[in-house]
Amino acid sequence: MKFSKNVNPLEGSIWDKIITFTVPLALTSLFQQLFNSADIAVIGRYSGSQALAAVGSTAPIVNIFINCLVGTSVGATVVISHLIGEKNEKGARKAIHTSLLLSVVLGIILGALGLLLARPILRLMGTPAEILGMADLYLKIYYLGIPFLTVYNFGAAIFRANGDTKKPLISLTLAGLINVALNVFFIVYCGMNVDGVAIATVIANTISAVLILHFLAKETGVLHLSVRQIHWHTGLILQVLKIGIPAGIQGMVFSFSNMIIQSAINSLGATTIAASTVALNFEIWAFHVLNAFSQTCTAFVGLNYGAKKLKRCIRIIRWCMIEAVVTSIVVALFFILLRKPLVSLFTKDAAVAKLAYLRMLWIISFEFISMVMDVFSGALRGWGFSLLPAVITIGGVCVLRIVYVYTVFVNWPDFGVLIAVYPLSWLVTAIGISISYFAVKKKVIARQMQIWKA
(Lines give C-alpha, C1' and ligand atoms only; values in the text may rest on other atoms or scores of the structure.)
Protein backbone atom coordinates (compact mmCIF):
# COMPACT_ATOMS: atom_id res chain seq x y z
CA MET A 1 0.00 0.00 0.00
CA LYS A 2 1.52 3.31 -1.12
CA PHE A 3 2.04 6.27 1.16
CA SER A 4 3.16 9.82 0.55
CA LYS A 5 6.73 9.92 -0.75
CA ASN A 6 7.86 11.79 2.35
CA VAL A 7 5.74 10.26 5.12
CA ASN A 8 5.13 6.61 5.97
CA PRO A 9 3.76 6.66 9.53
CA LEU A 10 3.92 2.87 9.85
CA GLU A 11 7.69 2.43 9.63
CA GLY A 12 10.98 4.01 10.62
CA SER A 13 11.65 7.01 12.82
CA ILE A 14 8.75 9.00 14.22
CA TRP A 15 9.84 12.46 15.34
CA ASP A 16 10.89 13.67 11.89
CA LYS A 17 7.78 12.26 10.20
CA ILE A 18 5.60 14.16 12.65
CA ILE A 19 7.33 17.39 11.65
CA THR A 20 7.10 16.61 7.93
CA PHE A 21 3.39 15.86 8.26
CA THR A 22 2.56 18.69 10.67
CA VAL A 23 4.22 21.60 8.85
CA PRO A 24 1.95 21.46 5.75
CA LEU A 25 -1.06 21.04 8.06
CA ALA A 26 -0.10 24.16 9.99
CA LEU A 27 0.64 26.08 6.81
CA THR A 28 -2.76 25.12 5.40
CA SER A 29 -4.50 26.65 8.41
CA LEU A 30 -2.22 29.68 8.47
CA PHE A 31 -2.76 30.40 4.78
CA GLN A 32 -6.50 30.04 5.25
CA GLN A 33 -6.34 32.60 8.05
CA LEU A 34 -4.13 34.87 5.94
CA PHE A 35 -6.60 34.76 3.05
CA ASN A 36 -9.46 35.53 5.44
CA SER A 37 -7.50 38.51 6.73
CA ALA A 38 -6.97 39.64 3.13
CA ASP A 39 -10.75 39.49 2.61
CA ILE A 40 -11.27 41.79 5.58
CA ALA A 41 -8.48 44.12 4.52
CA VAL A 42 -9.84 44.57 0.98
CA ILE A 43 -13.43 45.20 2.00
CA GLY A 44 -12.39 47.44 4.88
CA ARG A 45 -10.22 49.59 2.65
CA TYR A 46 -12.49 49.89 -0.38
CA SER A 47 -16.06 49.37 0.89
CA GLY A 48 -16.11 51.24 4.18
CA SER A 49 -16.64 50.51 7.85
CA GLN A 50 -20.25 49.32 7.56
CA ALA A 51 -19.34 46.64 5.03
CA LEU A 52 -16.40 45.65 7.22
CA ALA A 53 -18.66 45.41 10.27
CA ALA A 54 -21.22 43.40 8.31
CA VAL A 55 -18.67 40.77 7.27
CA GLY A 56 -17.05 40.76 10.72
CA SER A 57 -20.39 40.21 12.46
CA THR A 58 -20.87 36.94 10.58
CA ALA A 59 -17.63 35.35 11.82
CA PRO A 60 -19.13 33.56 14.88
CA ILE A 61 -21.92 32.06 12.75
CA VAL A 62 -19.57 30.95 10.00
CA ASN A 63 -17.18 29.41 12.56
CA ILE A 64 -19.93 27.29 14.10
CA PHE A 65 -20.77 25.72 10.75
CA ILE A 66 -17.12 25.29 9.72
CA ASN A 67 -16.23 23.65 13.04
CA CYS A 68 -19.10 21.24 12.50
CA LEU A 69 -17.93 20.09 9.08
CA VAL A 70 -14.22 20.06 9.97
CA GLY A 71 -14.97 17.97 13.06
CA THR A 72 -17.10 15.55 11.10
CA SER A 73 -14.34 15.09 8.53
CA VAL A 74 -12.12 13.76 11.36
CA GLY A 75 -14.37 10.70 11.33
CA ALA A 76 -13.36 10.00 7.74
CA THR A 77 -9.65 10.31 8.61
CA VAL A 78 -9.94 7.80 11.47
CA VAL A 79 -12.06 5.21 9.65
CA ILE A 80 -9.97 5.31 6.48
CA SER A 81 -6.65 5.28 8.36
CA HIS A 82 -7.75 2.20 10.33
CA LEU A 83 -8.61 0.36 7.10
CA ILE A 84 -5.38 1.41 5.38
CA GLY A 85 -3.40 0.33 8.44
CA GLU A 86 -5.16 -3.04 8.29
CA LYS A 87 -4.19 -3.26 4.58
CA ASN A 88 -7.87 -3.63 3.78
CA GLU A 89 -7.72 -1.91 0.40
CA LYS A 90 -11.25 -2.89 -0.59
CA GLY A 91 -12.70 -1.51 2.63
CA ALA A 92 -10.56 1.65 2.40
CA ARG A 93 -11.77 2.34 -1.15
CA LYS A 94 -15.38 1.90 -0.04
CA ALA A 95 -14.82 4.25 2.90
CA ILE A 96 -13.16 6.88 0.68
CA HIS A 97 -15.93 6.93 -1.91
CA THR A 98 -18.67 6.75 0.73
CA SER A 99 -17.07 9.63 2.68
CA LEU A 100 -17.05 11.81 -0.43
CA LEU A 101 -20.72 11.08 -1.03
CA LEU A 102 -21.42 11.89 2.64
CA SER A 103 -19.55 15.18 2.24
CA VAL A 104 -21.86 16.23 -0.59
CA VAL A 105 -24.99 15.32 1.40
CA LEU A 106 -23.69 16.98 4.56
CA GLY A 107 -22.65 20.08 2.62
CA ILE A 108 -26.09 20.48 1.08
CA ILE A 109 -27.78 20.07 4.48
CA LEU A 110 -25.48 22.57 6.21
CA GLY A 111 -25.79 25.01 3.31
CA ALA A 112 -29.60 24.81 3.42
CA LEU A 113 -29.61 25.31 7.20
CA GLY A 114 -27.34 28.31 6.80
CA LEU A 115 -29.65 29.90 4.24
CA LEU A 116 -32.69 29.37 6.47
CA LEU A 117 -31.11 30.44 9.75
CA ALA A 118 -28.85 33.29 8.64
CA ARG A 119 -31.16 36.22 9.35
CA PRO A 120 -32.76 34.78 12.55
CA ILE A 121 -29.32 34.13 14.07
CA LEU A 122 -28.07 37.59 13.09
CA ARG A 123 -31.09 39.12 14.82
CA LEU A 124 -30.60 36.89 17.86
CA MET A 125 -27.01 38.15 18.11
CA GLY A 126 -28.26 41.74 18.12
CA THR A 127 -26.71 42.70 14.77
CA PRO A 128 -27.29 46.46 14.24
CA ALA A 129 -30.07 47.27 11.79
CA GLU A 130 -27.79 49.35 9.57
CA ILE A 131 -25.61 46.32 8.73
CA LEU A 132 -28.19 43.52 9.06
CA GLY A 133 -29.06 43.51 5.36
CA MET A 134 -25.44 43.32 4.22
CA ALA A 135 -24.57 40.64 6.77
CA ASP A 136 -27.57 38.58 5.69
CA LEU A 137 -26.62 38.93 2.01
CA TYR A 138 -23.03 37.91 2.71
CA LEU A 139 -24.10 34.80 4.63
CA LYS A 140 -26.66 33.68 2.07
CA ILE A 141 -24.11 33.84 -0.74
CA TYR A 142 -21.41 32.29 1.45
CA TYR A 143 -23.58 29.29 2.32
CA LEU A 144 -24.03 28.48 -1.36
CA GLY A 145 -20.39 27.41 -1.28
CA ILE A 146 -20.65 25.21 1.83
CA PRO A 147 -21.07 21.96 -0.19
CA PHE A 148 -17.77 22.67 -1.97
CA LEU A 149 -16.03 23.57 1.29
CA THR A 150 -17.27 20.30 2.79
CA VAL A 151 -15.97 18.28 -0.16
CA TYR A 152 -12.55 19.94 0.19
CA ASN A 153 -12.36 19.17 3.92
CA PHE A 154 -13.32 15.53 3.44
CA GLY A 155 -10.88 15.23 0.54
CA ALA A 156 -8.14 16.68 2.74
CA ALA A 157 -9.14 14.23 5.50
CA ILE A 158 -8.73 11.34 3.05
CA PHE A 159 -5.22 12.43 2.11
CA ARG A 160 -4.30 12.86 5.79
CA ALA A 161 -5.45 9.30 6.45
CA ASN A 162 -2.73 8.11 4.07
CA GLY A 163 0.02 10.37 5.37
CA ASP A 164 -0.26 13.20 2.81
CA THR A 165 -0.78 16.81 3.87
CA LYS A 166 0.87 18.46 0.86
CA LYS A 167 -1.89 18.09 -1.73
CA PRO A 168 -4.52 19.72 0.54
CA LEU A 169 -2.04 22.57 1.09
CA ILE A 170 -1.51 23.02 -2.65
CA SER A 171 -5.27 23.00 -3.29
CA LEU A 172 -5.99 25.58 -0.61
CA THR A 173 -3.08 27.83 -1.54
CA LEU A 174 -4.08 28.05 -5.20
CA ALA A 175 -7.74 28.63 -4.31
CA GLY A 176 -6.76 31.24 -1.70
CA LEU A 177 -4.65 33.23 -4.11
CA ILE A 178 -7.52 33.25 -6.59
CA ASN A 179 -9.83 34.35 -3.78
CA VAL A 180 -7.67 37.39 -3.01
CA ALA A 181 -7.44 38.31 -6.70
CA LEU A 182 -11.21 38.02 -7.13
CA ASN A 183 -11.80 40.18 -4.05
CA VAL A 184 -9.81 42.99 -5.61
CA PHE A 185 -11.48 42.49 -9.00
CA PHE A 186 -15.07 42.41 -7.73
CA ILE A 187 -14.73 45.24 -5.19
CA VAL A 188 -12.20 47.59 -6.78
CA TYR A 189 -12.97 47.15 -10.46
CA CYS A 190 -16.61 46.00 -10.43
CA GLY A 191 -17.72 48.27 -7.58
CA MET A 192 -19.32 45.44 -5.64
CA ASN A 193 -19.67 45.25 -1.86
CA VAL A 194 -20.06 42.35 0.57
CA ASP A 195 -21.60 40.36 -2.27
CA GLY A 196 -18.27 40.56 -4.13
CA VAL A 197 -16.34 39.12 -1.17
CA ALA A 198 -18.92 36.36 -0.72
CA ILE A 199 -18.93 35.42 -4.41
CA ALA A 200 -15.12 35.33 -4.43
CA THR A 201 -15.19 32.99 -1.43
CA VAL A 202 -17.70 30.66 -3.08
CA ILE A 203 -15.60 30.51 -6.26
CA ALA A 204 -12.45 29.81 -4.21
CA ASN A 205 -14.22 27.03 -2.26
CA THR A 206 -15.35 25.51 -5.56
CA ILE A 207 -11.80 25.61 -6.93
CA SER A 208 -10.34 23.99 -3.79
CA ALA A 209 -12.93 21.19 -4.04
CA VAL A 210 -12.23 20.64 -7.74
CA LEU A 211 -8.47 20.55 -7.11
CA ILE A 212 -8.71 18.06 -4.24
CA LEU A 213 -10.94 15.81 -6.35
CA HIS A 214 -8.49 16.16 -9.25
CA PHE A 215 -5.62 15.01 -7.04
CA LEU A 216 -7.69 12.04 -5.82
CA ALA A 217 -8.55 11.10 -9.40
CA LYS A 218 -4.84 11.19 -10.30
CA GLU A 219 -3.92 8.80 -7.46
CA THR A 220 -2.94 5.31 -8.59
CA GLY A 221 -3.22 3.48 -5.27
CA VAL A 222 -5.93 3.00 -2.69
CA LEU A 223 -6.88 6.70 -2.78
CA HIS A 224 -7.79 6.64 -6.47
CA LEU A 225 -11.17 8.28 -7.03
CA SER A 226 -13.54 6.60 -9.48
CA VAL A 227 -17.04 7.98 -10.02
CA ARG A 228 -18.33 4.46 -10.61
CA GLN A 229 -17.32 3.40 -7.09
CA ILE A 230 -19.26 6.15 -5.31
CA HIS A 231 -21.99 4.38 -3.37
CA TRP A 232 -23.81 4.82 -0.08
CA HIS A 233 -22.62 2.24 2.48
CA THR A 234 -24.68 2.78 5.62
CA GLY A 235 -22.31 0.86 7.91
CA LEU A 236 -19.32 2.95 6.90
CA ILE A 237 -21.36 6.16 7.10
CA LEU A 238 -22.32 5.31 10.68
CA GLN A 239 -18.67 4.63 11.57
CA VAL A 240 -17.61 8.01 10.18
CA LEU A 241 -20.44 9.82 11.96
CA LYS A 242 -19.81 7.98 15.24
CA ILE A 243 -16.38 9.59 15.39
CA GLY A 244 -17.09 12.78 13.44
CA ILE A 245 -20.30 14.00 15.06
CA PRO A 246 -18.88 14.27 18.63
CA ALA A 247 -15.85 16.15 17.24
CA GLY A 248 -18.14 18.44 15.23
CA ILE A 249 -20.42 19.15 18.18
CA GLN A 250 -17.38 19.83 20.35
CA GLY A 251 -16.18 22.46 17.89
CA MET A 252 -19.62 24.06 17.64
CA VAL A 253 -20.08 24.28 21.42
CA PHE A 254 -16.52 25.59 21.73
CA SER A 255 -17.46 28.44 19.41
CA PHE A 256 -20.62 29.09 21.41
CA SER A 257 -18.69 29.39 24.70
CA ASN A 258 -16.30 31.84 23.05
CA MET A 259 -19.32 33.90 21.94
CA ILE A 260 -20.37 34.08 25.60
CA ILE A 261 -16.90 35.29 26.58
CA GLN A 262 -16.98 37.83 23.77
CA SER A 263 -20.27 39.20 25.07
CA ALA A 264 -18.63 39.62 28.49
CA ILE A 265 -15.70 41.43 26.86
CA ASN A 266 -18.17 43.70 25.07
CA SER A 267 -19.57 44.77 28.43
CA LEU A 268 -16.17 46.21 29.43
CA GLY A 269 -16.16 48.91 26.76
CA ALA A 270 -14.57 49.83 23.45
CA THR A 271 -10.97 49.92 24.72
CA THR A 272 -11.18 46.37 26.05
CA ILE A 273 -12.90 45.14 22.88
CA ALA A 274 -10.15 46.67 20.75
CA ALA A 275 -7.40 45.20 22.93
CA SER A 276 -8.97 41.75 22.86
CA THR A 277 -9.33 41.92 19.07
CA VAL A 278 -5.66 42.82 18.65
CA ALA A 279 -4.43 40.00 20.91
CA LEU A 280 -6.80 37.51 19.29
CA ASN A 281 -4.94 37.88 15.98
CA PHE A 282 -1.82 36.36 17.52
CA GLU A 283 -3.76 33.68 19.40
CA ILE A 284 -5.34 32.48 16.18
CA TRP A 285 -1.96 32.16 14.49
CA ALA A 286 -0.57 30.27 17.48
CA PHE A 287 -3.62 28.00 17.58
CA HIS A 288 -3.31 27.00 13.93
CA VAL A 289 0.35 26.05 14.37
CA LEU A 290 -0.22 24.05 17.55
CA ASN A 291 -3.52 22.36 16.66
CA ALA A 292 -1.78 20.66 13.73
CA PHE A 293 -0.06 18.33 16.23
CA SER A 294 -3.43 17.05 17.42
CA GLN A 295 -4.50 16.30 13.83
CA THR A 296 -1.19 14.59 13.17
CA CYS A 297 -1.62 12.45 16.28
CA THR A 298 -5.08 11.36 15.15
CA ALA A 299 -3.91 10.36 11.65
CA PHE A 300 -0.71 8.58 12.77
CA VAL A 301 -2.35 6.73 15.65
CA GLY A 302 -5.26 5.72 13.42
CA LEU A 303 -2.95 4.16 10.82
CA ASN A 304 -0.84 2.29 13.35
CA TYR A 305 -3.85 1.18 15.36
CA GLY A 306 -5.29 -0.33 12.19
CA ALA A 307 -1.94 -2.03 11.56
CA LYS A 308 -2.04 -3.47 15.12
CA LYS A 309 1.12 -1.57 16.09
CA LEU A 310 0.08 -0.49 19.57
CA LYS A 311 3.59 0.07 20.90
CA ARG A 312 4.26 2.39 17.98
CA CYS A 313 0.99 4.21 18.77
CA ILE A 314 2.31 4.96 22.25
CA ARG A 315 5.63 6.19 20.85
CA ILE A 316 3.77 8.42 18.37
CA ILE A 317 1.66 9.95 21.13
CA ARG A 318 4.77 10.54 23.24
CA TRP A 319 6.61 12.25 20.38
CA CYS A 320 3.56 14.33 19.40
CA MET A 321 3.27 15.50 22.99
CA ILE A 322 6.96 16.40 23.29
CA GLU A 323 7.06 18.26 19.97
CA ALA A 324 3.74 20.01 20.63
CA VAL A 325 4.75 21.24 24.10
CA VAL A 326 8.20 22.37 22.93
CA THR A 327 6.67 24.17 19.94
CA SER A 328 4.07 25.83 22.18
CA ILE A 329 6.85 27.16 24.43
CA VAL A 330 8.80 28.49 21.43
CA VAL A 331 5.67 30.11 19.99
CA ALA A 332 4.83 31.63 23.38
CA LEU A 333 8.33 33.07 23.78
CA PHE A 334 8.16 34.52 20.27
CA PHE A 335 4.87 36.35 20.83
CA ILE A 336 5.58 37.41 24.41
CA LEU A 337 9.07 38.75 23.74
CA LEU A 338 7.91 40.59 20.62
CA ARG A 339 4.51 41.62 21.98
CA LYS A 340 5.23 45.35 21.91
CA PRO A 341 6.32 45.66 18.26
CA LEU A 342 3.62 43.16 17.20
CA VAL A 343 0.81 44.98 18.98
CA SER A 344 2.09 48.31 17.63
CA LEU A 345 1.26 47.06 14.14
CA PHE A 346 -2.43 47.20 15.09
CA THR A 347 -2.71 50.07 17.56
CA LYS A 348 -0.90 53.13 18.88
CA ASP A 349 -3.28 53.53 21.82
CA ALA A 350 -1.34 52.88 25.04
CA ALA A 351 -4.44 51.74 26.97
CA VAL A 352 -5.41 49.27 24.24
CA ALA A 353 -1.85 47.97 23.98
CA LYS A 354 -1.58 47.42 27.75
CA LEU A 355 -4.72 45.26 27.83
CA ALA A 356 -3.59 43.39 24.69
CA TYR A 357 -0.30 42.52 26.45
CA LEU A 358 -2.31 41.24 29.40
CA ARG A 359 -4.40 38.91 27.25
CA MET A 360 -1.34 37.61 25.40
CA LEU A 361 0.46 36.86 28.69
CA TRP A 362 -2.56 35.06 30.16
CA ILE A 363 -3.42 32.96 27.12
CA ILE A 364 -0.42 32.34 24.86
CA SER A 365 1.86 31.67 27.85
CA PHE A 366 -0.33 28.72 28.88
CA GLU A 367 -0.83 27.13 25.45
CA PHE A 368 1.32 24.18 26.57
CA ILE A 369 -1.59 23.10 28.81
CA SER A 370 -3.88 23.19 25.80
CA MET A 371 -1.40 20.94 23.96
CA VAL A 372 -1.76 18.23 26.60
CA MET A 373 -5.52 18.41 26.13
CA ASP A 374 -5.38 18.43 22.32
CA VAL A 375 -2.76 15.71 21.78
CA PHE A 376 -4.44 13.23 24.13
CA SER A 377 -7.78 14.06 22.48
CA GLY A 378 -6.22 13.38 19.09
CA ALA A 379 -4.84 10.08 20.34
CA LEU A 380 -8.22 8.95 21.69
CA ARG A 381 -9.87 9.82 18.37
CA GLY A 382 -7.16 7.92 16.51
CA TRP A 383 -8.11 4.86 18.57
CA GLY A 384 -11.76 5.43 17.69
CA PHE A 385 -12.90 7.03 20.97
CA SER A 386 -14.32 10.36 19.85
CA LEU A 387 -17.23 10.80 22.26
CA LEU A 388 -15.08 10.60 25.41
CA PRO A 389 -12.80 13.62 24.70
CA ALA A 390 -15.78 15.53 23.29
CA VAL A 391 -17.82 15.12 26.49
CA ILE A 392 -14.87 16.02 28.73
CA THR A 393 -13.98 19.05 26.60
CA ILE A 394 -17.57 20.29 26.46
CA GLY A 395 -17.75 20.07 30.27
CA GLY A 396 -14.24 21.25 31.13
CA VAL A 397 -13.97 24.04 28.56
CA CYS A 398 -17.40 25.08 27.38
CA VAL A 399 -19.61 24.60 30.44
CA LEU A 400 -16.92 25.81 32.85
CA ARG A 401 -16.40 29.00 30.82
CA ILE A 402 -20.10 29.79 30.68
CA VAL A 403 -20.54 29.19 34.42
CA TYR A 404 -17.43 31.27 35.14
CA VAL A 405 -18.73 34.22 33.12
CA TYR A 406 -22.09 34.25 34.91
CA THR A 407 -20.67 33.75 38.41
CA VAL A 408 -17.06 34.86 38.92
CA PHE A 409 -16.98 37.55 36.24
CA VAL A 410 -20.35 38.98 37.25
CA ASN A 411 -18.99 39.59 40.76
CA TRP A 412 -15.54 40.74 39.60
CA PRO A 413 -16.04 42.43 36.20
CA ASP A 414 -12.38 42.81 35.34
CA PHE A 415 -10.63 41.91 32.08
CA GLY A 416 -7.83 40.01 33.82
CA VAL A 417 -10.34 38.03 35.86
CA LEU A 418 -12.30 37.18 32.70
CA ILE A 419 -9.45 35.91 30.52
CA ALA A 420 -8.06 33.82 33.40
CA VAL A 421 -10.85 31.40 32.51
CA TYR A 422 -8.90 30.26 29.43
CA PRO A 423 -5.90 28.62 31.20
CA LEU A 424 -8.20 27.50 34.04
CA SER A 425 -10.54 25.67 31.66
CA TRP A 426 -7.58 24.17 29.78
CA LEU A 427 -6.09 22.87 33.03
CA VAL A 428 -9.34 21.25 34.20
CA THR A 429 -9.93 19.67 30.79
CA ALA A 430 -6.31 18.52 30.39
CA ILE A 431 -6.52 16.70 33.72
CA GLY A 432 -9.80 15.02 32.76
CA ILE A 433 -8.59 13.95 29.31
CA SER A 434 -5.23 12.75 30.68
CA ILE A 435 -7.01 10.49 33.17
CA SER A 436 -9.26 9.19 30.39
CA TYR A 437 -6.32 8.58 28.06
CA PHE A 438 -4.40 6.47 30.58
CA ALA A 439 -7.57 4.54 31.46
CA VAL A 440 -8.17 3.72 27.79
CA LYS A 441 -4.53 2.83 27.29
CA LYS A 442 -4.51 0.47 30.26
CA LYS A 443 -7.85 -1.28 29.89
CA VAL A 444 -9.40 -0.94 26.45
CA ILE A 445 -6.19 -1.33 24.44
CA ALA A 446 -5.14 -4.34 26.52
CA ARG A 447 -8.50 -5.93 25.75
CA GLN A 448 -8.08 -5.12 22.04
CA MET A 449 -4.72 -6.86 22.01
CA GLN A 450 -6.40 -10.01 23.34
CA ILE A 451 -8.97 -9.81 20.55
CA TRP A 452 -6.24 -9.47 17.92
CA LYS A 453 -4.32 -12.44 19.37
CA ALA A 454 -7.49 -14.52 19.29
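Hi everyone. The protein chain here has 17 helices and zero strands, where helices (H or I, at least four residues) and strands (E, at least two) are DSSP runs, numbered from the N terminus. The radius of gyration of the protein chain is 22 Å, close to the 22 Å from the globule rule for 454 residues, so the chain is as compact as a globular protein of that length. That radius is taken over C-alpha atoms, and the globule rule is 2.2 Å times the number of residues to the power 0.38.

A word on provenance: this is a predicted model, in which local features need pLDDT of at least 70, side-chain atom pairs count only at pLDDT 80 or more, and totals for chains, interfaces and linings use all residues. Residues are numbered from 1 along each chain as its sequence is written, and side-chain values use heavy atoms, with hydrogens and water left out.

Now the overall picture. Along its principal axes, the C-alpha trace spans about 65 × 50 × 35 Å. Of the 454 residues, 53% count as buried; buried means under 20% relative accessible area, exposed over 50%, and partly exposed in between (1.4 Å probe, protein chains only). The accessible surface comes to about 19600 Å², and 68% of that belongs to carbon and sulfur atoms. These areas come from the Shrake-Rupley method with a 1.4 Å probe; for residues, only the protein chains shown count as cover.

Let's zoom in on helix α6, residues 146–161. At 1.5 Å a residue, its 16 residues should span 22 Å, and the end C-alpha atoms are 22 Å apart, which agrees. The expected span is 1.5 Å times one less than the number of residues. Helix α6 is mostly covered, with 15 of its 16 residues buried. After α6 comes glycine 163, whose phi is positive, near 85°.

Over in helix α8 (residues 194–218) sits asparagine 205. At a relative accessible area of 11%, asparagine 205 is buried. Not counting residues up to four places away in sequence, asparagine 205 touches Gly145, Phe148 and Leu149.

Next, two loop lysines. Lysine 87 lies between α3 (59–85) and α4 (89–124), and has a positive phi near 60° despite not being a glycine. Is lysine 87 buried or exposed? Exposed, with a relative accessible area of 67%. Lysine 308, in the loop between α10 (270–306) and α11 (310–337), also has a positive phi, near 65°.

Finally, helix α10 itself. Threonine 272 lies there and is buried at 7% relative accessible area. Beyond four places in sequence, threonine 272 touches Ile265, Leu355 and Phe415. The C-alpha atoms of threonine 272 and phenylalanine 415 are separated by 7.5 Å, though the two are 143 residues apart along the chain. Leaving aside neighbours within four places, serine 294 is in contact with Asp374, Val375 and Gly378.

Notes
Contact means heavy atoms within 4.5 Å.
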